[in-house]
Amino acid sequence: MVKTIVEIPHLPDSNLNPNKRLHWGALADAKRNAKQEMMYALVDNDNPVHIPDEPYEAAILKIEFVAGFKDRQRKNRDMDNLLASAKPYIDGLVDGGVLRDDTAVRLRYELVYRFGEEAKMIFTVTKKRRRF
């Protein structure tokens with residue numbers, strides 16, 4: 001199986017949480033920053049990432065949300081809010097050329113929440129042969 005693995009060294013910005021009441025400008029800034037961070041992670045020379053020649057037509061996207069031991073809210077995270085907060089990062093995978101698009105017929109999600117030393121998100125994109 002062909003895989004692309006990208007690590008972001010923190011959990012999503014709290015401003016990306018869909019339940020947070022936020023000025024539209026601040027929300028737009030947070031989304032733009034998250035998307036850019038993913039695109040920078042794809043081309044980071046210190047941590048090389050496999051970027052396919054052609055975007056994956058269909059894939060399984062596994063997102064591991066790792067809560068650090070120092071994270072105050074580590075036990076009361078809502079998985080659907082974490083996924084919604086990670087949407088700009090997923091858009092960065094599309095804009096970065098890893099995924100063709102993130103529609104339901106092309107992408108399946110696997111979500112994991114666990115504890116670790118440091119907070120981070122690990123995006124593992126596994127190529128599938130055909131759409132779901």
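This is a predicted model: local features need pLDDT of at least 70, side-chain atom pairs count only at pLDDT 80 or more; totals for chains, interfaces and linings use all residues.
Q: How many aromatic pairs does the rule give, and which class does the pair of tyrosine 89 and phenylalanine 123 belong to?
A: The count of aromatic pairs is 2. For tyrosine 89 and phenylalanine 123, the ring centres are 6.0 Å apart and the planes are at 35°, so this pair is tilted.

Q: Where do tyrosine 89 and phenylalanine 123 sit, and how many residues apart are they?
A: Helices (H or I, at least four residues) and strands (E, at least two) are DSSP runs, numbered from the N terminus. Tyrosine 89 and phenylalanine 123 are buried. Tyrosine 89 belongs to helix H3 (residues 87-95) and phenylalanine 123 to strand S4 (residues 120-128), so the pair links distant parts of the chain, with a separation of 34 residues.

Q: Which residues have the most contacts inside the largest nonpolar core?
A: A nonpolar core is a set of buried Ala, Val, Leu, Ile, Met, Phe, Trp, Tyr and Cys residues joined through side-chain atoms within 4.5 Å. The largest one has 26 residues. Inside this core, the most contacts are made by Val6, Tyr89, Leu93 and Phe123.

Q: Which element supplies the largest share of this core?
A: At least two core residues come from each of strand S1 (3-8), helix H1 (24-42), strand S2 (58-68), H3 and S4. The largest share is 5 residues, and these come from H1.

Q: Which residues does valine 6 touch beyond four places away in sequence?
A: Contact means heavy atoms within 4.5 Å. Residues up to four places away in sequence are not counted. The partners of valine 6 are then Met38, Ala41, Leu42, Val49, Leu93, Met121, Ile122 and Phe123.

Q: Which elements are included in what covers the buried residues of H3?
A: The buried residues of H3 are Pro88, Tyr89, Ile90, Gly92 and Leu93. Their cover includes S1, H1, S2, helix H2 (79-85), S3 and S4.

Q: Which residue follows H3, and what is its phi near?
A: The residue in question is glycine 97, which follows H3. Its phi is positive, near 90°.

Q: Which residues does asparagine 81 touch?
A: Asparagine 81 is found in helix H2. At 13% relative accessibility, asparagine 81 counts as buried. Leaving out residues up to four places away in sequence, asparagine 81 touches Asn17, Pro18 and Asn19.

Q: What separates arginine 32 and aspartate 29 along helix H1?
A: A salt bridge is a side-chain nitrogen of Lys or Arg within 4 Å of a carboxyl oxygen of Asp or Glu, and the count is 10 salt bridges. Arginine 32 and aspartate 29 form one, with the closest N and O atoms 2.8 Å apart. Arginine 32 is partly exposed at 42%, and aspartate 29 is partly exposed at 34%. Being 3 residues apart in helix H1, arginine 32 and aspartate 29 are separated by about one helical turn.

Q: How far apart are the closest N and O atoms of glutamate 57 and arginine 106?
A: Glutamate 57 is partly exposed, with a relative accessible area of 37%, whereas arginine 106 is buried at 15%. The closest N and O atoms of their salt bridge are separated by 2.6 Å.

Q: Which residues do salt bridges with shared partners join into one network?
A: Arginine 106 also meets aspartate 101 in a salt bridge (3.2 Å, N to O). Aspartate 101 counts as partly exposed at 24% relative accessibility. The network made by salt bridges that share partners joins Glu57, Arg100, Asp101 and Arg106.

How values were computed:
Residues are numbered from 1 along each chain as its sequence is written. Side-chain values use heavy atoms; hydrogens and water are left out. Rings of Phe, Tyr and Trp (its six-membered ring) pair if their centres lie within 6.5 Å; planes under 30 degrees apart count as stacked, over 60 as edge-to-face and the rest as tilted. Buried means under 20% relative accessible area, exposed over 50%, partly exposed in between (1.4 Å probe, protein chains only).
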